[in-house]
Amino acid sequence: MSLERFISEAISPWMKESGPDDDIVLSSRIRLARNLDEYTFPLLTYKHDGEAVLNQIKSHIGKHTNDELAKLELILMQDMESIQKQVLVEKHLISPHLANDASHGAVLLSADESISIMINEEDHIRIQHLASGLKLKEVLERSNHIDDLLEETLDFAFDEKRGYLTSCPTNVGTGMRASVMMHLPALVLTQQLNRIAPAINQLGLVVRGIYGEGSEALGNLFQISNQMTLGKSEMDIVEDLQSVVLQLIERERHAREMLLQNSKTQLENRVYRSYGVLQYSRIIDSKEAANCLSDVRLGIDLSLIQDVSRTILNELMILTQPGFLQQYAGERLSPNERDIRRASIIREALKLKEQ
């Protein structure tokens, strides 16, 4: 498998699978941060340390011939162009930090792109597993399996009292970040999310944008994740997060029902106006496109729109990001050129779905 395979398709194979409550929960993710005991952590690492860490992990992976690690594809950041890295960021396969700042960075990817192991990011190793819908417990189980395979011969930095040691103090303990990506348009439209978010923060969870910390919540997509990693077990963290997510799902469904009952005409007007913008615009920026795609997705979920599938909307959310637009064009594009190409791709995709 080559790099081209991972950057040529907007939709990762795992995204095509169905999952529990996947009309609202787009994905579940577990990320485990680990560091090798004998090396300084990446934020303080000199180049030769980063190279040594990469070589040791490569040697470890090479010893696995019949398990999941043996099936992973190694991609070195130094072999990638900036646009190619941006595409992997847009697909949530690597972090912006790994794409921009890491020395001797690399990533190990599974064929279905559900497993991503980042090397020499903020920590020596960051194991990530993604799945469609609300599957936190299943994702945790598989992530722990990958962790166990790595720990067979790699010595991780671990303290009996503090747990796993990480570059960022907020990750010390389990080293785990559990998160779900949720589509919450009704809670936004009814202005309930602004009241709910502070309460979620008080529970040790945080609400962020689509690309995590410091990112904007484009298209009414929000990432809900744990803030605490110390003092709780991995399962306790997952169960606390799942409990909050289930409440958010219930609130979002209720808000959608209220919109249908009390403001159906206004809702239909919003949905079809956005559908019209996507069908006929000749120029559209990423923020407007994301918001219109969110409206149309809500219309599909509420059966207001019958002839468009959520799958094409999921694909367009990624396909119309700056990295993908330029990757497909085969050249760098100015912001205006990207807006023109984005509009064209959306029109063509919707037209094909209607035929």
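In the predicted model, Ile83, Gln84, Gln86, Val87 and Glu90 of helix H3 are in contact with Pro322, Gly323, Phe324, Gln326 and Gln327 of helix H12. By class, the residues of this contact of H3 with H12 comprise four nonpolar, five polar and one charged. H3 spans residues 82-90 and H12 residues 322-329; the two helices pack at an angle of about 135°, and their axes lie 8 Å apart. This angle makes H3 oblique to H12. The crossing of H3 past H12 is left-handed.

H10 passes H11 in a left-handed crossing. On the H10 side the contact involves Ala290, Leu293, Val296, Arg297, Ile300 and Asp301, and on the H11 side Arg310, Leu313, Asn314, Leu316 and Met317. The contact of H10 with H11 contains seven nonpolar residues, one polar residue and three charged residues.

From its first C-alpha to its last, H10 reaches 22 Å over 16 residues, close to the 22 Å expected at 1.5 Å a residue. Twelve of the 16 residues of H10 are buried, so this helix is largely enclosed by the rest of the structure. The buried residues of H10 include Ala290, Leu293, Val296, Arg297, Ile300 and Asp301, each of which also meets H11. Also buried in H10 are Ala289, Cys292, Ser294, Asp295, Leu298 and Gly299.

Helix H5 (residues 136-151) likewise has 16 residues, which should span 22 Å at 1.5 Å a residue; its end C-alpha atoms are 22 Å apart, in agreement with that value. Within H5, the buried residues are Leu136, Val139, Leu140, Ser143, Ile146, Asp147, Leu149 and Leu150.

Positive phi values occur at two loop residues other than glycine, aspartate 21 and asparagine 120. For aspartate 21, phi is near 55°. Aspartate 21 lies in the loop between helix H1 (3-8) and strand S1 (25-34) and is partly exposed, with a relative accessible area of 28%. For asparagine 120, phi is near 60°. Asparagine 120 is located in the loop between strand S4 (115-119) and strand S5 (125-132). With a relative accessibility of 5%, asparagine 120 counts as buried, because the cut-off for burial is under 20% relative accessible area.

Notes: Residues numbered from 1 in each chain as written. Predicted model: local features only at pLDDT ≥ 70, side-chain atom pairs only at ≥ 80, totals over all residues. Heavy atoms only, no water. Axes fitted to C-alpha atoms, helices over the stretch in contact; angles between N-to-C directions. Helix = DSSP H or I, 4+ residues; strand = E, 2+ residues; numbered from the N terminus. Parallel < 35°, antiparallel > 145°, perpendicular 65-115°, else oblique. Left-handed = near helix turned anticlockwise from the far one by under 90°. Contact = heavy atoms within 4.5 Å. Nonpolar A, V, L, I, M, F, W, Y, C, P; charged D, E, K, R; others polar. Expected span 1.5 Å × (residues − 1). Buried < 20%, exposed > 50% of the residue type's maximum accessible area, 1.4 Å probe, protein only.
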